[in-house]
Amino acid sequence: MDQHAMDRYIKSMIKEAGHRIRNSFLSDISVDTKAHANDLVTNVDKEVEQFFIRHIREDFPTHRVFGEEGFGDNIEELSGTVWLLDPIDGTMNFVHQRRNFAISLGIYEDGVGKMGYIYDVVNDDLYHAIEGGGAYYNDERLMPLFETAINESIIGMNAMWATPNRFVDHEATIRLVHDVRGMRSYGSAALELAYLASGRIDAYISMRLAPWDIAGGMVMAKEVGAVASTFSGGPINLLESDTFVAANPSIHGKLINEYIKPKHP
Ligand code: IPD
Ligand code: CA
Ligand code: CA
Ligand code: CA
């Protein structure tokens, strides 16, 4: 399948999955917890992941899937074609708000991001990017990010990061909150990366993200010139969870050097 056919195939699968998610609002959703009381998962997260995997295994038997809910393959390296899938990113929003969540998908070949998709299910907004082919918000091509400054930036960040924590110097975080134009906390890493790529926020910072949270968004971010790294400025490893900062290139260095000082670099 060439890249255009693959893109059409993926979009139609994502739209179908979105349809299933919207339909799930009509029946009871069963909510469970995972690592702790606020780490939610539902039958819909699991069913949507299984829906994708069924199709991928049937139509691309040599590809592997790295999915949050564990129905995919046991991924220890990224050789070949790997689909990194978060069936619902923002499960807490899905359960409590029935909006502000997304399907997130990144397709990597030998560790290189080739295609990225983030689908805002309730608004029927699809963001996508193809390596070297640009990033799009529905049919609209996204422009390379304009230069900005810290005092004119809106930063997406989980509020937990503003509390004392083991990763960053607390005084520096408080300074960041003072110095920027505004802070936002949307509760879906994938949507926040789509907002970064479309210039609605200028950076997204998180203390801990998993590969499937960011795989699709990383392809998108790169296409518009955004820069992503760990808090210490190192490259993102898509096999493990780690700290994460993705930003407009004109503020990424300053964010890391002047505000995000890792306590344990
Ligand atoms: C979560 C969301 C949230 C982020 C968490 C993620 P999930 O994903 O992206 O915004 O702060 O770290 O785990 O569990 O809802 O797929
Ligand atoms: Ca989860
Ligand atoms: Ca997620
Ligand atoms: Ca999820």
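Colleague: In which strand does valine 82 lie?

Modeller: Valine 82 lies in strand β4; strands (E, at least two residues) and helices (H or I, at least four) are DSSP runs numbered from the N terminus. Please note that this is a predicted model, in which local features need pLDDT of at least 70, side-chain atom pairs count only at pLDDT 80 or more, and totals for chains, interfaces and linings use all residues. Residues are numbered from 1 along each chain as its sequence is written, while chains are lettered from A and ligands numbered from 1 in the order in which they are written.

Colleague: Is valine 82 buried or exposed?

Modeller: Valine 82 is buried, because 24 other C-beta atoms lie within 10 Å; the cut-off for buried is 20 or more, for exposed 12 or fewer, and partly exposed is in between, with C-beta atoms placed from the backbone.

Colleague: And what is valine 82 in contact with, sequence neighbours within four places aside?

Modeller: Arg64, Phe66, Ile75 and Tyr108, a contact being C-beta atoms, placed from the backbone, within 7 Å.

Colleague: Turning to ligand 1, how many residues surround it?

Modeller: 13 residues surround ligand 1, and the closest are Asp89, Thr91, Asn158, Gly187 and Ala189; the criterion is a C-beta atom, placed from the backbone, within 6 Å. The elements giving two or more residues to this shell are β4 (81-89) and β12 (203-209).

Colleague: Why does ligand 1 lie between the domains?

Modeller: Domain 1 (3-141) and domain 2 (150-259) both give residues to its shell, so ligand 1 lies between them. The domain bounds come from an automatic or database domain assignment.

Conventions
Two residues are in contact if their C-beta atoms, placed from the backbone, lie within 7 Å.
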